[in-house]
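Hi everyone, thanks for coming.

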Amino acid sequence: MRSTFSVLASVALLAEVVSAAPKYSGPPKYSGHTGYEPQVPELDYYISLGPRPFYIVENMTDSPLKTKLKSCENGPFKITDFSIGHRGGATLQIPEESVENAMAGARFGAGILECDTSLTADKGLVCRHSLCDLHTTTNILLNPTLAAKCAVPFTPANATSPANAVCCTTDITVAEYLTLCAKMDGFNASATNVEDYQHGIPTWRTELYDTCAKVQTLESYIDLIDSLPGYRNFTPELKSGADDPVTAQYAKYPPGYTQEDYARQFVNTFIKKGIDPQRVWMQSFNPPDVFLWLKEFPAFGRQAVYLDESGDTPENYTTAVARLPSIKAKGVNIIAPPFNYLLMQAGPDNQSIVPAPYATAAKAAGLDIIAWTFERSGPLAQVKASDDYYYSSIADAVHTDGQFYEVLDILVHQIGIKAIFSDWSATVTYYANCFGLEGPKSADYQKPPGKGYGWGW
Ligand SMILES: *[C@@H]1O[C@H](CO)[C@@H](O)[C@H](O)[C@H]1NC(C)=O
Ligand SMILES: *[C@@H]1O[C@H](CO)[C@@H](O)[C@H](O)[C@H]1NC(C)=O
Ligand SMILES: *[C@@H]1O[C@H](CO)[C@@H](O)[C@H](O)[C@H]1NC(C)=O
Ligand SMILES: *[C@@H]1O[C@H](CO)[C@@H](O)[C@H](O)[C@H]1NC(C)=O
Ligand SMILES: *[C@@H]1O[C@H](CO)[C@@H](O)[C@H](O)[C@H]1NC(C)=O
């Protein structure tokens, strides 16, 4: 019974995958990465969403949106660039930036997968969300030799101080980095020893996959994504101290190596591997990086993603909204704020969710919007009590998990976001397939005739 079912299901899915892979018709795109090649290149690879999207739909209150989403429960589901894998695509449960996380995000149908790029002592580029998070995202403290190199060595908790450590990618070499295991991001502030320090994640995540997940370099990430069946795209982010005070304080770039060198090496890694710029959505919180790419690497720069988190207080929000036209005027085409900037609560007792001024202003300025980060917040019943960042602007209006899709629907159908990063890409892939969303199109950012500065031509 079981094997009969899976054979039938496989045939049905195979037919779907064949019909659903319109973008890529060349030879199999393997570039030597071992271990993940399917038996039948191109075809033997199924999008698999798991139970979560169905759980969310079931929890929605009755509405036309629920009816529509329910009507899609039998698929077909295909890879979509609307669904961007955040730090991989399954960060809700699998160690961020790891091979296993990227593989899960790919399985969830994310068309674009992220590698946050950090710098090592020997100018290597590696996938870490921060230059100085090795103490919470890897097992570095369990290796005494490498732990001794940490910018701030481990100190145990005592009656007056929490446990502490700061370990940066710039403290070690690429070869040393590759000996580490990726683990779920977290630490135990009460730890009196390094073993206990490894834990301390939110209860709604899991350590189920903390079994030495494989760390990646930017190059091995490119090879992995390029080797995946189906057509996948890249969204690397250049990390720096711009959005990260710990990195600003503790990361030490190699002598003579500048931020500009780093921004160029980042792009050149893709160029050397022969990756078409149209497949690469480079991101940075550091505006000079984006402007350097626009000027020196226009094919990458014109579809670069300008990350913005400059509006976290009411006064700064007003400033962030007001400066959007000037960002566009400098040649930027895509703005990427956290989705709390795009939404606000309204109506009796604040129970409605409506587009916020940032969304209106970004559209008026001619900027496309990519939002972050979906499903990073835990159960919606808890977001208000936990003072969650992403729901901070709509905290009164969210109560249950069915609202995940109500929030996403407002972002899509009232604001028109081009894509969204998610910690569990299956949820976004389901929605995107139901509404036929294909994500950002590189062709929309090609050089228009007669444009001057900013396009870099
Ligand atoms: C959604 O889940 C919550 C529990 O988080 C429950 O109270 C509510 O009744 C559910 N709604 C529906 C429509 O199933
Ligand atoms: C507690 O730890 C802090 C930081 O490591 C240290 O400065 C302090 O001396 C310690 N206090 C005691 C009582 O050991
Ligand atoms: C945190 O560390 C303390 C002290 O080392 C230990 O007693 C406790 O069990 C740890 N908690 C977790 C969740 O590991
Ligand atoms: C608000 O903006 C000012 C000026 O750019 C900055 O110094 C400050 O840190 C910002 N506040 C927050 C909370 O982001
Ligand atoms: C509605 O939310 C706003 C902030 O978004 C708050 O200032 C106001 O007090 C809230 N109103 C009610 C009735 O809770």
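Predicted model: local features only at pLDDT ≥ 70, side-chain atom pairs only at ≥ 80, totals over all residues.

One term before we start: a polar contact is a pair of N or O atoms within 3.5 Å; within protein, one must be able to donate a hydrogen and the other to accept it, and residues adjacent in sequence count only if both atoms are side-chain atoms. With that in mind, look at ligand 3: one of its oxygen atoms sits 2.5 Å from an N or O atom in the side chain of Asp196. For Asn188, a side-chain N or O atom is 2.4 Å from an oxygen atom of ligand 3.

Residues are numbered from 1 along each chain as its sequence is written, chains are lettered from A and ligands numbered from 1 in the order written, and side-chain values use heavy atoms, with hydrogens and water left out.

Next stop, helix α11, residues 259-272 (helices are DSSP runs of H or I, at least four residues, numbered from the N terminus). Which residues of α11 are buried? They're Gln259, Tyr262, Ala263, Phe266, Val267, Thr269 and Phe270, buried meaning under 20% relative accessible area with a 1.4 Å probe, protein chains only. Looking down the axis of α11, they fall within an arc of 145 degrees, so they line one face of the helix; the arc is taken from the directions from the helix axis to the C-beta atoms. After α11 comes Gly274, with a positive phi near 75 degrees. And overall, 55% of the protein's 457 residues are buried.

Definitions and conventions
Buried < 20%, exposed > 50% of the residue type's maximum accessible area, 1.4 Å probe, protein only. Helix = DSSP H or I, 4+ residues; strand = E, 2+ residues; numbered from the N terminus. Expected span 1.5 Å × (residues − 1).
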